[in-house]
Protein chains: 2
Amino acid sequence: MEEANPGTVRPGGRTARVRAAVLRAAGDALAEQGFAHLDLADIARRADVGKTTVYRRWGTVTSLVADLLVDMAEQSLPRTETGSLLGDLKANARLVQRTLADPRQGKLFKAVIAAATCDAGTADALHRFYAIRIAEWAPCVRQAIDRGEAPEGTDPHDVIRAVSAPLYYRLLTSADPLDEATADRAAEAAVAATRAGAYRR
Amino acid sequence: MEEANPGTVRPGGRTARVRAAVLRAAGDALAEQGFAHLDLADIARRADVGKTTVYRRWGTVTSLVADLLVDMAEQSLPRTETGSLLGDLKANARLVQRTLADPRQGKLFKAVIAAATCDAGTADALHRFYAIRIAEWAPCVRQAIDRGEAPEGTDPHDVIRAVSAPLYYRLLTSADPLDEATADRAAEAAVAATRAGAYRR
């Protein structure tokens, strides 16, 4: 890691660069090897950052993965507004589909989901990640209720979860490809169930 | 493992008992420790079966887990016929929900899904397990098409997958409880989307 001239860098600049490099390396290692073989010393080497810095800042693999999930939530794209519930949910479905179909991102998500099944700290961080992403998209359902496209009392979070669920189920339980047609079908099914009142509380 | 008197046992009796004991022990170990720490010698000890027998018959942890998934598919309950699509899909949803909400079974499924993310052989076995379970329930959708409850051209497998997807998504991405209300909502949403033609090919 190159040391910048302190006078030319805004406060936090180096810290932010170190974090970005370490999180990038952690994501690469997770995508390549999965959670079981994750090792802080190896990640420090990949990131070209001192081992001591990584141990002092993150301490454990679990808290590094938790920080990676915070960063993934921060870096995720904001929701799209298309003016219709179907348009918005298709945009959401295609964003999830593109992410999971991307070789690096798909493996990274699988690795983090796998890690969460056997580590409570990672599970908490993963649950927060999805809560943030679902809250980001929920307003499109509230707008659809206001426009009269969805029944009063529809749970916006349930609708957004319904769009993602078939994509994750396909990723984890089958070898079927995650293509755009699958994404569009997930959005269409969620809209149909919403209109029929299946997500009213 | 008690040796039975050869004259009193039908052919395959001892082999079947050894398999049952080893698969039970493998399931217990998976539920308790996850896939990463699975060890054939430990499983042989838990099953009270000779280590050599386990190594000779299964060879690797991966092929033992694959055999466990074959057994889980064979042991799974046959589908329920209630006379209506909603009734059948609720029965399916509640079966999946009860399985995933059961402490041992829920942990076992999480462990196998996690293992499948980092092991191709386990992934193949897991995909076969779901293909078998989905094929078992698909006829209830075909019957619904015949009764006029679902549009012609509806893909029966898509409908059955749509029932399971929100339950697995909830299990893996949140700490929300998997209760009967969640199961019923999954079935209701799948029926609404089916009626609207969302699963027509």
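The following paragraphs lead the reader through a predicted model, from its overall architecture to individual side chains.

Residues are numbered from 1 along each chain as its sequence is written, and chains are lettered from A and ligands numbered from 1 in the order in which they are written. Because this is a predicted model, local features need pLDDT of at least 70 and side-chain atom pairs count only at pLDDT 80 or more, while totals for chains, interfaces and linings use all residues; side-chain values use heavy atoms, with hydrogens and water left out.

Along the sequence, the pattern of chain A reads α-α-α-α-α-α-α-α-α-α. The C-alpha atoms of chain A fill a box of roughly 60 × 40 × 30 Å along the principal axes. Of the 201 residues in chain A, 51% are buried; buried means under 20% relative accessible area, exposed over 50%, and partly exposed in between, with a 1.4 Å probe and protein chains only. Among the contacts in chain A with a separation of 6 or more, 64% are accounted for by residues 24 or more positions apart, contact meaning heavy atoms within 4.5 Å.

An unreviewed entry lists "domain: HTH tetR-type" at residues 16-76 of chain A, and the feature "DNA-binding region" is placed by UniProt (unreviewed entry) at residues 39-58 of chain A. UniProt positions are given in the numbering used here, feature names are shortened, and annotations may be inferred rather than shown by experiment. Residues 16-76 of chain A are 80% helix and 0% strand, with end C-alpha atoms 18 Å apart. Residues 39-58 of chain A are likewise 80% helix and 0% strand, and the end C-alpha atoms of that span lie 12 Å apart.

How do the two chains meet? In the model, 29 residues of chain A are in contact with 29 residues of chain B. The area buried between chain A and chain B is about 2,500 Å², of which carbon and sulfur atoms give 68%; buried area is the accessible area (1.4 Å probe) that two parts lose on being put together, summed over both.

Charged side chains also take part in this interface. Side chains of opposite charge can pair when their charged atoms come close. A salt bridge is a side-chain nitrogen of Lys or Arg within 4 Å of a carboxyl oxygen of Asp or Glu. One pair crosses between chains, from B:Asp158 in helix 9 of chain B to A:Arg185 in helix 10 (residues 180-195) of chain A. The closest N and O atoms of B:Asp158 and A:Arg185 are 3.5 Å apart. B:Asp158 is buried, with a relative accessible area of 8%, and A:Arg185 is buried at 17%.

Other salt bridges lie within chain B. The side chains of B:Asp67 and B:Arg19 meet at 3.0 Å, N to O. This pair links distant parts of the chain, with B:Asp67 in helix 4 (residues 61-75) and B:Arg19 in helix 1 (residues 13-33), 48 residues apart. Both B:Asp67 and B:Arg19 are buried. A further salt bridge joins B:Glu180 and B:Arg94 (3.1 Å, N to O). B:Glu180 lies in helix 10 of chain B and B:Arg94 in helix 5 (residues 85-101), so the pair ties together parts that are 86 residues apart in sequence. B:Glu180 counts as partly exposed at 39% relative accessibility, as does B:Arg94 at 28%.

B:Arg170 presents a contrasting case. B:Arg170 is located in helix 9 (residues 156-173) of chain B. B:Arg170 is buried yet has no salt bridge, and the nearest side chain of opposite charge, B:Asp176, is 4.4 Å away. For charge, Lys and Arg count as positive and Asp and Glu as negative, whereas His and the chain ends are not counted. Not counting residues up to four places away in sequence, B:Arg170 touches B:Asp176, B:Pro177, B:Leu178 and B:Thr182.

The cysteines remain. With a disulfide defined as a pair of cysteine sulfur atoms within 2.5 Å, the count comes to 0 disulfides over all chains. For A:Cys118, the nearest cysteine sulfur is that of B:Cys118, 9.3 Å away.

Technical notes:
Helices (H or I, at least four residues) and strands (E, at least two) are DSSP runs, numbered from the N terminus.
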